[in-house]
Amino acid sequence: MITFLIILSIVLAVLAVGQLMRVFEATSKLKGEVSPLPTDAENKYQAKMMLVFLFGYFSFFVWLVARYGEFLLPESASEHGIVLDNLLDFNWYIIILVFVITHVYLFYFPFKYVFNKDRKAYYYTHSNKLELLWTTVPAIFLSVIIVYGLSAWVDITMDETPKDAISIELYPKQFDWTARYAGVDSTLGNSNYNMISTSNPLGVITPASLAQKIAEIEAEIAEFESELSLAPEGGLKQEELTELIAKRNRQREKVKSFEALEGLNRGNDDILVKSEFLIPINREVAFEFRSRDVIHSAYMPHFRAQMNCVPGMVTEFHFKPIITTDQMREKTQNPEFDYILLCNKICGAAHYNMQMTIKVVEEEEYNKWLAEQATFNDGFTVSDETATTEEKSESNEISMIELK
Ligand SMILES: [Cu+2]
């Protein structure tokens, strides 16, 4: 409401000024002041004001950089991030140089060429030399930027994942993340969405989870069948139940086919964690991404890393962290600093709440932490938290309203 009133008063003020100017012009005409042209003194005054504006404009630019520069990301915490930062800085230098040159001229020329009735404008129609110059120079700069960018991209994305890399899967759903570690065998277990249940939110396939899922499906089928025996003949209910039973049967066949998969035991030692995950400094970390529902995007800004998480496919990205959380806290002089994983695709109502804390620690601490985590076979106890996430986001919304 207040915003609307502010906009309304601005519009009315502009209209009022316009009307006043018309009144002013009409009265000057009536008084017989004929010349609509500004005087020499007025022109000189405007010309000087251009220089004042030039100075004010660049002072504001410098102030903005100094005032808000600290809100930019701190130095890159990953090895490849340094390459990206250099690329971005290179772009900034070119942009700022062109910005300064063009804007100095933009305001200096009105000052230098202030109206002079004794001077005749030079009529200049065309110059092939100039055309060539302002086409080739930007073309050369753009080519350099593109070649530099492409080579950085190839460096970052095309290299092989090192054999000793730590495997972590990041699994998003509306609206939270789960991180899955490969465990002692350094290999992530198989997974499939058909296996998803409340006790197995990532659909990890192990002999135990297979047996459990088949039992679950069969229990469901039995339930539908008993309902079907009570349903009236030829009714809609009967049709629905028959369809559901057929669907569950197909799912059971699919799940049963996983029994033939190789390395079924690989998932036994997988470790699933929520809300915070640790990675060791100076070790390559190979991330795999899936998604349970819609497209999410795993964004780790401090590591200059982002990858889409697409339902039905696995995407990958690997990087090497080079600054621990503690070191970064010192560097940023912020004792509460934490690396963060965010969702960077607007995926629904509680999208803003989809995050995980990343802790970069020394390898020793990482190994100790990992050894303390329960494995999938121990019984995965972090159950499906959909309900609690929604509750959490609701309470967040309420506290935000209270803040307003
Ligand atoms: Cu999301």
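First, the ground rules. Residues count from 1 along each chain as its sequence is written. Because the model is predicted, local features need pLDDT of at least 70 and side-chain atom pairs count only at pLDDT 80 or more, while totals for chains, interfaces and linings use all residues.

Domains, then. Domain 1 covers 39–157, and domain 2 is made of 162–188 + 269–378. Those bounds come from an automatic or database domain assignment. The C-alpha centres of the two domains lie 39 Å apart. Their contact takes 9 residues from domain 1 and 15 residues from domain 2. Contact here means C-beta atoms, placed from the backbone, within 7 Å. On the domain 1 side, the touching residues are 4 nonpolar, 4 polar and 1 charged. For those classes, Ala, Val, Leu, Ile, Met, Phe, Trp, Tyr, Cys and Pro are nonpolar, Asp, Glu, Lys and Arg are charged, and the others, Gly among them, are polar.

Now the helices. Helices (H or I, at least four residues) and strands (E, at least two) are DSSP runs, numbered from the N terminus. Look at H3, residues 79–112, and H4, residues 128–157. They pack at an angle of about 170°, with axes 10 Å apart. Axes are lines fitted to C-alpha atoms, for helices over the stretch in contact, and angles run from 0 to 180 degrees between N-to-C directions. So H3 is roughly antiparallel to H4. The cut-offs: under 35 degrees is roughly parallel, over 145 roughly antiparallel, 65 to 115 roughly perpendicular, and the rest oblique. H3 brings residues including Leu84, Leu87 and Phe90, and H4 brings residues including Phe141, Ile145 and Tyr148. By class, that contact has 10 nonpolar, 3 polar and 1 charged residues.

On to the sheets. Strands pair if DSSP finds at least two bridges between them. Inside it, E1 (166–173) and E5 (285–289) run parallel, joined by 5 bridges. Ile168 has Phe287 of E5 as its bridge partner.

The other open sheet also has mixed pairing, with 5 strands in the order E4-E10-E9-E6-E7. E4 and E7 (305–309) are the edges, each pairing on one side only. Here the twist averages 20° from one strand to the next. E9 (339–343) and E10 (355–361) are antiparallel over 4 bridges. Tyr339 has Ile358 of E10 as its bridge partner, and Leu342 stands opposite Gln355. E6 (296–300) also runs antiparallel to E9, over 2 bridges. There, Ala298 is bridged to Cys343. E9 has a covered face of Tyr339, Leu341 and Cys343, and an uncovered face of Ile340 and Leu342. Helix H8 (363–372) lies across E4 and E10, at about 135° to E4.

Last stop: Glu276, in strand E4 (276–280). Buried, exposed or in between? Glu276 is partly exposed, because 13 other C-beta atoms lie within 10 Å. The scale: 20 or more is buried, 12 or fewer is exposed, and partly exposed is in between. Which residues does Glu276 touch, beyond its neighbours within four places in sequence? Met356, Thr357 and Lys359. Glu276 and Trp177 are 99 residues apart in sequence, yet 9.4 Å apart in space, C-alpha to C-alpha.

Methods. Two residues are in contact if their C-beta atoms, placed from the backbone, lie within 7 Å.
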